[in-house]
Amino acid sequence: MPSRRTVLAATMGVTASLAVGGTAHADDKKLRSLISRMSLPEKVGQLFVMRVYGHSATAPDQADIDANLKEIGVRTAAELIAKYRVGGIIYFTWANNTRDPHQIADLSNGIQKASLSGPRGLPVLVTTDQEHGIVCRVGSPATLFPGAMAVGAGGSRADARTLGRVSGAELRAIGINQDYSPDADVNINPANPVIGVRSFGADPQEVAGLVAAEVAGYQRSSVAATAKHFPGHGDTAVDSHYGFPVITHSRELWEKLDAVPFRAAIRAGVDCVMTAHIQFPALDDSGDPATLSHPILTGILRGELGYDGVVVTDSLTMEGVRTKYGDDRVPVLALKAGVDQLLNPPDLSVAWNAVLKAVRDGELTEARLDESILRILRLKARLGLFERPYASRAGVDRVVGTKAHLAAADRIAERTTTLLVNEGALLPLSPRRHAKLLVVGADPASPSGTTGPPTGVLARALTGLGFTATALSTGTAPSSATIASAVAAAREADAVVVTTYNVTAGSSQKTLAEQLVATGRPVVAIAVRNPYDVAQLPSVPAYLAAYSWTDVELRAAARVIVGKVAPRGRLPVPVQRADDPARVLYPIGHGLTY
């Protein structure tokens, strides 16, 4: 941990003004005084949250130095802070920021030291997308929980609160003080390619309760939660990373559906709201994305919903916000719309200079920037970053991936596994009748790079539960030869477990499952992403929904399959018939047990 003696010297005046009885007290007068002493370039920098490559703030690997020079024009995170005075940094697995807990803590400390050593000595908001389930940047040995839709299947607000509290405690221990979670979208479109199981479900009231509970959990651990993606990304068939979705809901439907979880998050005191790169004509008919919409962000979010916390854009590298305007206009228009933080622009130099020019040309006022910076500094003060910016090695060892935390994740996962079909009471499997198991199916890549592969995890878990299980990965698009090999192996087994991943009518995964059933061996399928797979495979006699393919959910599914625990999950979304999508096959709340 860096020495506080010299590093914090520049912040002592601010810290003293914010400390009342040893607690952080956001004194706007003192914060405004701090802002008044900032130069315009410093102010512009505070508005940006930027990616940076490398495991270290000062000594990254050469490949990461090269990537930084190419994309940002700096070598390291420390140089990024010195040049642009960014107010936040976002961690990604692919940027080599999240190798292990001690390394992450050291990186976070290096970032804080670089910023606190500069003018005004401002701490940094260090953030990431730790949604759990299919979006997770910090992996094992940190505690990994079931994702949102799994928690929705469990239906327990106490579990959502525990997830936020434990996840927040572990993030804070490694120096991450903000999480871009929970997802407050109401997922009512089975074809949604970007939200899906990242949502708690399709019932707005249930989603709202779980969102508010998770926010409360993060607050308990002094980590800023972020409700996303306002005004609601749950009903789209287009991924805003690659296109520009249009939401066709009426204003009345938005009030009854999409707005409900965001209102709940605001009532819970959520620290941050993230915008969506979607077009929502009923709320703003200009054709602009919500991220750039003054009627949506200032008129509705701030005005009608009464939200005065930090508003952050979704990543500005995404196509949904770049379709209509150039990269130099997007950050300026976002600020004019009411945004406070500009997340991950494709070219920081272009974006930073565009904002600077807009102020100098009079398109944006310095007073407008000051409004956003005040909100950002209030958040930093509320999180105690002026007094407690650093992580410690002892804190990492004491908090991250403890037995108690891992056990909590296992218990929550057991309450989420959903049994959708169980013909002839096939489940639970018996080690006497089904001693030899074959586990086949899809093995999607680990979200955090530290779990899986799913078939191997399931085989090991089932073997540990008294069976002899063999794994055979067949992929998400098995070839005819692969299917033939799996069928031959199935004939030598007493029963088959198959993982499915987003099965469609023409998917060869469907062919695989049907040919496995045709062998006459008992077949148990586990949907490891969307629960809608079950509608495509009516011939499978036993079907479970795990909602993700991370280890904690797969181990829980294994315990359910063998009867170690009874299935307790209930569908948080309806599943429509494959042959007639207008009809519901399994409604919200469906779930069998034994």
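Let me begin with a definition: two strands pair if DSSP finds at least two bridges between them. Helices (H or I, at least four residues) and strands (E, at least two) are DSSP runs, numbered from the N terminus. The structure under discussion is a predicted model, in which local features need pLDDT of at least 70 and side-chain atom pairs count only at pLDDT 80 or more, while totals for chains, interfaces and linings use all residues. Residues are numbered from 1 along each chain as its sequence is written, and side-chain values use heavy atoms, with hydrogens and water left out.

I turn to the strands. Strands of a sheet pair through backbone hydrogen bonds, either parallel or antiparallel. E8 is joined in parallel to strand E5 (residues 125-128) by two bridges. Within that pair, threonine 127 has glutamine 178 of E8 as its bridge partner.

A further parallel pair consists of E9 and strand E10 (residues 272-275), joined by three bridges. In this pair, phenylalanine 230 is placed opposite threonine 275 of E10. Is strand E9 (residues 226-230) mostly buried or exposed? Five of the five residues of E9 are buried, where buried means under 20% relative accessible area, exposed over 50%, and partly exposed in between (1.4 Å probe, protein chains only).

Next, helix H20 (residues 454-464). Eight of its eleven residues are buried, so H20 is largely enclosed by the rest of the structure. Among these buried residues are Pro454, Val457, Leu458 and Leu462. The buried residues of H20 pack, by contact (heavy atoms within 4.5 Å), against strands E14 (436-441), E15 (468-473), E16 (495-500) and E17 (523-527), and against helix H23 (551-561). Just after H20, glycine 466 adopts a positive phi of about 105°.

On a 1 Å grid over the protein atoms alone, a cavity is a set of points where a 1.4 Å probe fits but cannot get out; a pocket is an open set with protein on both sides within 12 Å along at least five of seven lines; and lining residues have an atom within 4 Å of a point. Grid points are joined across faces, edges and corners, and a volume is the space filled by probe spheres set on the points.

Which element gives the most to the lining of the largest cavity? Helix H9 does, with three residues. The lining includes Gln130, His132, Glu170 and Val400.

The largest pocket has a volume of about 570 Å³. Of its 29 lining residues, Asp129, Val135, Arg137, Arg198 and His241 are the closest to the centre. Strand E7 (135-136) and E9 each give two or more residues to this lining.

The second largest pocket contains about 450 Å³ of space. Its lining has 23 residues, and Pro190, Ala191, Val503, Tyr532 and Gln536 lie nearest the centre.
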